[in-house]
Amino acid sequence: MSNNSNTIAAILAGAAVGAAIGILLAPDKGSNTRAKIKENLGDTANNLKDSLEASSEVLREKFASATENLDGTFDELLSNVSHKTEEVISFLESKLADLKTQNAKYQK
């Protein structure tokens with residue numbers, strides 16, 4: 001997870017703990033306190049779920065972008081290799097022609 005996601009998760013966890021402590025220390029009936037705790041836990045769970053979904057979406061986008069960049073880089077590499085191969089073949093053909101010319105001189 002990124003630093004933003006860790007920060008958001010830490011803030012949400014701190015808020016949940018603070019709310020739970022505040023509810024437990026407040027003078028209220030037990031049934032009301034349990035209902036408040038249950039509500040706060042549900043809210044916190046929903047917030048964490050939303051945060052996780054947002055982080056997952058960011059990771060998916062970054063992965064897709066990295067994949068596209070890798071595909072482009074690979075295609076460019078293949079193109080460069082193809083051009084270099086043509087250059088090598090042309091060079092070798094030139095050298096072969098020179099060798100044939102030199103060899104023809106010796107065969108007279």
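Me: What should I know about the model before I read its features, and how are residues numbered?

Reply: The model is predicted, and local features need pLDDT of at least 70, side-chain atom pairs count only at pLDDT 80 or more, while totals for chains, interfaces and linings use all residues. Residues are numbered from 1 along each chain as its sequence is written, and side-chain values use heavy atoms, with hydrogens and water left out.

Me: How many helices and strands are there in the protein chain?

Reply: Helices (H or I, at least four residues) and strands (E, at least two) are DSSP runs numbered from the N terminus; here the protein chain has two helices and zero strands.

Me: At what angle do H1 and H2 pack?

Reply: Two packed helices are described by the angle between their axes and the distance between the axes. Helix H1 (residues 3–25) and helix H2 (residues 30–106) pack at about 180°, with axes 10 Å apart, where axes are lines fitted to C-alpha atoms, for helices over the stretch in contact, and angles run from 0 to 180 degrees between N-to-C directions. H1 and H2 are therefore roughly antiparallel to each other (angles over 145 degrees count as such).

Me: Which residues in H1 and H2 meet?

Reply: With contact meaning heavy atoms within 4.5 Å, the residues in H1 that meet H2 include Ile8, Leu12 and Ile23, and those in H2 include Lys36, Ile37 and Leu48. The residues of this contact divide into nine nonpolar, seven polar and one charged (Ala, Val, Leu, Ile, Met, Phe, Trp, Tyr, Cys and Pro count as nonpolar, Asp, Glu, Lys and Arg as charged, and the others, Gly among them, as polar).

Me: What radius of gyration does the protein chain have?

Reply: The radius of gyration is taken over C-alpha atoms, and the globule rule is 2.2 Å times the number of residues to the power 0.38. A compact globule of 108 residues would have a value near 13 Å, whereas the protein chain has 34 Å, and its C-alpha trace spans about 115 × 15 × 15 Å along its principal axes.

Conventions: Parallel < 35°, antiparallel > 145°, perpendicular 65-115°, else oblique.
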